[in-house]
Amino acid sequence: RTRDTGRIMILDLLRLLLFPTLMAFAASSDLLTMTISNRVSLLLIAGFLVLAPASGMGLTEIGLHVAAGATVLAISFTCFALGWIGGGDAKVAAATAMWFGFDFLIPYLATAAAFGGVLTILLLAFRHWPLPYMFSGQHWLLRLHHPESGVPYGIALAAGALMIYPETPWIKVVDLSRFITG
């Protein structure tokens, strides 16, 4: 019984921390370097493939989640080929879609698109203002301020994912009372 409780706590901790941590890392990486490492997408995929069966997800449901990821990968790589988004963004969007499956895919994409629109407007406004001298040594900020630079859309993808994630079964099944002592 203690072993089962320990296993459940570890699964709950992974559900609570793995996905949000990787999304936050993707956002910060995109902000600071305008790139998202392939490792982030691979860790998202590996995390899903480990947690899904450990959480009791059946093969059919896992297959549907993989199909959601493949669908987004096909669409996002078309957008990448057209030069509309970066390759890291395409891969992170697909890996995130795998976690959400078709049930949460539209809310995720709509939320990420809304964040992306706001981010783009704010970034375009930021690029019209002169950059204060005290920030001139910050290479990431100079890159972000440059009018020819792209939009670090990984921020919007991560923000959308982090808004939707608490509504998914990944979090709904977590019993937070296990972590509260006293």
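**Close-up views of a predicted model**

View 1. Beyond the neighbours within four places in sequence, D12 is in contact with V173, V174, D175, R178 and F179. D12 itself belongs to helix α1, which covers residues 2-33. One of the residues in contact with D12 is V173; the C-alpha atoms of D12 and V173 lie 8.2 Å apart in space, although 161 residues separate the two in sequence. The relative accessible area of D12 is 1%, and D12 is therefore buried, the cut-off being under 20%.

**View 2. Packing of helix α2 with helix α4.** Two packed helices are described by the angle between their axes and the distance between the axes. For α2 (residues 38-54) and α4 (residues 87-128), the angle is about 10 degrees and the axes are 9 Å apart. Angles under 35 degrees count as roughly parallel, so α2 and α4 are roughly parallel to each other.

**View 3. Residues in the contact of α2 with α4.** From α2, the contact takes in N38, V40, S41, L44, I45, G47, F48 and L51. On the α4 side, these meet K91, V92, A95, T96, M98 and W99. Sorted by class, the contact has nine nonpolar residues, four polar residues and one charged residue.

View 4. Confidence is highest in helix α6 (residues 154-164), with a mean of 98. Helix α5 (residues 139-145) has the lowest confidence, with a mean of 90.

Notes:
Residues are numbered from 1 along each chain as its sequence is written. This is a predicted model: local features need pLDDT of at least 70, side-chain atom pairs count only at pLDDT 80 or more; totals for chains, interfaces and linings use all residues. Side-chain values use heavy atoms; hydrogens and water are left out. Axes are lines fitted to C-alpha atoms, for helices over the stretch in contact, and angles run from 0 to 180 degrees between N-to-C directions. Helices (H or I, at least four residues) and strands (E, at least two) are DSSP runs, numbered from the N terminus. Angles under 35 degrees count as roughly parallel, over 145 as roughly antiparallel, 65 to 115 as roughly perpendicular and the rest as oblique. Contact means heavy atoms within 4.5 Å. Ala, Val, Leu, Ile, Met, Phe, Trp, Tyr, Cys and Pro count as nonpolar, Asp, Glu, Lys and Arg as charged, and the others, Gly among them, as polar. pLDDT is the predictor's confidence in each residue, from 0 to 100. Buried means under 20% relative accessible area, exposed over 50%, partly exposed in between (1.4 Å probe, protein chains only).
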